[in-house]
Amino acid sequence: MSLEDRYPSVADLAAKARRRIPHFIFEYIDSGTGAEAGLERSLSAFQDIQMWPGVMAGTFEPEMAVELWGTRYAAPFGIAPMGMVGLMWPGTEIALAKAAQKAQIPMCLSTMANANPEAVGRHVGDMGWFQLYPPRDPEIREDLLARAKANGWKVLVVTVDVPVGSSRERQRRAGVRLGLPQRPLQMIDIPFRLPWLYALWQHGRPRFWTVEPYTGGPSLKAFGEYLATQVDMTPSWEYLAELRDLWDGPLVVKGILRPEDAERCVAMGVDGIGVSSHGARQLDAVPAAIDALPAVKSVVGDRAKIVFDSGLRGGLDIARALALGADMCLLGRAFGYGAGALGLKGPAHVAKMLRDDLRNVMIQMGAHRLEDLPGCLVKKEGWPSNAALR
């Protein structure tokens, strides 16, 4: 049986990953925060968005390519930045980069990934975006930007919606730390995850290679001190203005839900608005990002691109977000589940699965082009007009 038949959906990959990787890692990928009402809302809000099927549209192949800031992407979705992705399956960053290059979709590498922009940049080609957790030290900040630029990372994504670490109770109970869990009961299933252990032996213990030049070494204690002293989790508008001056490529601000914040970003010359609830991992009361998207689009218009993430689980969700005004969608958990379920084969499988799913959905709706998707929406009260969405 082919992978496509065994794992035709993100839910299938999540179920396999739960059985294949250590419990504490699955909880890191899967969990939200608090009672996880925000996580449930993030997912269920998509189900309320209905779209009209299309009839008598003839035989056609949907056009899914999209151009952002001078780069052509073969599909309107990509890989969201994920911290500690090397824990999900050792070596995943390179596999993600190769999958992105093959599928010609963007891959966003996190500052907190377990591989650095130099190593991953050799595999991602022109598809690379780099996500920055802002350093306080101007010299470190400028060095990180220079390394990203020198290694082909074309788009800078700055995350602004993590002012403080959230409770993430499921992760705490599971023993999620920078390293392995500390209590025996939290580690009890690790010896039974033999494929994962073998991959760990092959690739070595995950390290935070991107920031090691600034921590003085690979120790987790040194990395923890770096997080505490150097990472500015609450960057100001003045900090954003400095980044705009320093980075001469496209700049995306990730973590925007309020229209007034989007307006201020655009006024400062930001190229992309990242509409995101951080996967409902920060604030349990957060509204679903998909519910915030139409209002942000109505304010931004065509002055900046809309990069959407949070709650996406398949091609239909991607189509819904595009119909409501997104120009590009990024998925994190989907690719995390894929790596956990299938190892280094997972990212390429997820990319193909999403593309096939989006193609099917567009044909079902008679949408020849991405620009046709807003016209397929079953309108809800309070939404802007189709003209405002696209």
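I started at the second largest pocket of this predicted model: α14 (237–246), β7 and α15 each put at least two residues into its lining. I noted α14 as the top contributor, with four residues.

I looked up the rest of that pocket. By type I get 16 nonpolar, seven polar and three charged.

Ile 256 took me to the strands. I find its bridge partner in β8 to be Val 275. β7 (residues 251–256) and β8 run parallel, joined by four bridges. Helix α15 (residues 259–267) goes with these two strands in a right-handed β-α-β unit.

Next I followed Val 275 to the other neighbour. In β9 its bridge partner is Phe 308. β8 and β9 (residues 305–308) are again parallel, with four bridges. Here helix α16 (residues 289–300) makes the right-handed β-α-β unit with β8 and β9.

Which way do the β8 residues point? I see Gly 272 and Gly 274 on one side, Ile 273 and Val 275 on the other, and all are buried.

Last, I checked the largest pocket. I have it at about 1200 Å³, with 44 lining residues. Tyr 28, Tyr 133, Arg 168, His 278 and Arg 281 are nearest the centre. Elements giving at least two lining residues each include α3 (23–30), α9 (169–174) and β10 (328–331). The lining splits into 21 nonpolar, 15 polar and eight charged residues.

Notes: Residues are numbered from 1 along each chain as its sequence is written. This is a predicted model: local features need pLDDT of at least 70, side-chain atom pairs count only at pLDDT 80 or more; totals for chains, interfaces and linings use all residues. Side-chain values use heavy atoms; hydrogens and water are left out. Buried means under 20% relative accessible area, exposed over 50%, partly exposed in between (1.4 Å probe, protein chains only). Two strands pair if DSSP finds at least two bridges between them. A crossover is right-handed if, with the strands pointing away from the viewer, the path from the first strand over the helix to the second runs clockwise. On a 1 Å grid over the protein atoms alone, a cavity is a set of points where a 1.4 Å probe fits but cannot get out, and a pocket is an open set with protein on both sides within 12 Å along at least five of seven lines; lining residues have an atom within 4 Å of a point. Grid points are joined across faces, edges and corners, and a volume is the space filled by probe spheres set on the points. Ala, Val, Leu, Ile, Met, Phe, Trp, Tyr, Cys and Pro count as nonpolar, Asp, Glu, Lys and Arg as charged, and the others, Gly among them, as polar.
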